[in-house]
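Colleague: Thanks for making time for this one. Could we walk through the model together, a question at a time?

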Amino acid sequence: QVQLVESGGGSVQAGGSLRLFCTGSRMTYNSCMGWFRQAPGKEREGVAGISTYVTTYGRRTYADSVKGRFTISRDNAKNTLYLQMSSLKPEDTAMYYCAATNSPMWRLLRTWAYSAWGQGTRVTVSS
């Protein structure tokens, strides 16, 4: 059973930065990973994804809304996934979740393609 735990959320003013962390069990080593977010009253949406170490290490995909501002990365030695968020906007306010999958559909950043989820960490951006 894959276990994921997010941290690093908090409150920041618009234009600021935050770095989110997701630690996973050993089983995530060969999994593609993603970050999702869910704002109050809205559906969960994909933010960024990264491929496995084994075949296409470091291949990334981003939602258009965060391109150029967010960077996803992973350190398999530490079983940790990161999301560096810069130039934050109030519309980035949401609960952020990390997720894992072995599906080749990981790049679609759709919730149905991911099978393991963390509990989330909250990000609040004030104007």
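Colleague: Let's begin with a loop. Between which two strands does leucine 109 lie?

Modeller: Keep in mind that this is a predicted model. Leucine 109 sits in a loop, with a strand on either side of that loop. The two strands are S9 (94-101) and S10 (116-117).

Colleague: Is leucine 109 buried or exposed?

Modeller: Its backbone has a positive phi of about 55°, although leucine 109 is not a glycine. For the side of your question that concerns accessibility, the relative accessible area is 11%. The cut-off for buried is under 20%, so leucine 109 is buried.

Colleague: How many bridges join S7 to S8?

Modeller: These two strands run antiparallel. Within the pair, arginine 74 stands opposite leucine 81 in S8. The number of bridges joining S7 to S8 is six.

Colleague: Which strands are at the edges of the sheet that holds S7?

Modeller: Four strands form this open sheet, with antiparallel pairing, in the order S1-S3-S8-S7. An edge strand here pairs on one side only, and that applies to strand S1 (4-7) and S7. The twist from one strand to the next averages 15°. The edge strands, then, are S1 and S7.

Colleague: Which strand supplies the largest share of the lining of the largest cavity?

Modeller: The lining includes Cys22, Thr23 and Gly24, and also Arg74, Asn79 and Leu81. At least two lining residues come from each of strand S3 (18-24) and S8. The largest share is three residues, and the strand that supplies it is S3.

Colleague: How many charged residues does that lining have?

Modeller: By class, the lining of the largest cavity has four nonpolar and six polar residues. Arg74 is among the lining residues, and Arg counts as charged. The number of charged residues is one.

Methods
Residues are numbered from 1 along each chain as its sequence is written. This is a predicted model: local features need pLDDT of at least 70, side-chain atom pairs count only at pLDDT 80 or more; totals for chains, interfaces and linings use all residues. Side-chain values use heavy atoms; hydrogens and water are left out. Buried means under 20% relative accessible area, exposed over 50%, partly exposed in between (1.4 Å probe, protein chains only). On a 1 Å grid over the protein atoms alone, a cavity is a set of points where a 1.4 Å probe fits but cannot get out, and a pocket is an open set with protein on both sides within 12 Å along at least five of seven lines; lining residues have an atom within 4 Å of a point. Two strands pair if DSSP finds at least two bridges between them. Axes are lines fitted to C-alpha atoms, for helices over the stretch in contact, and angles run from 0 to 180 degrees between N-to-C directions.
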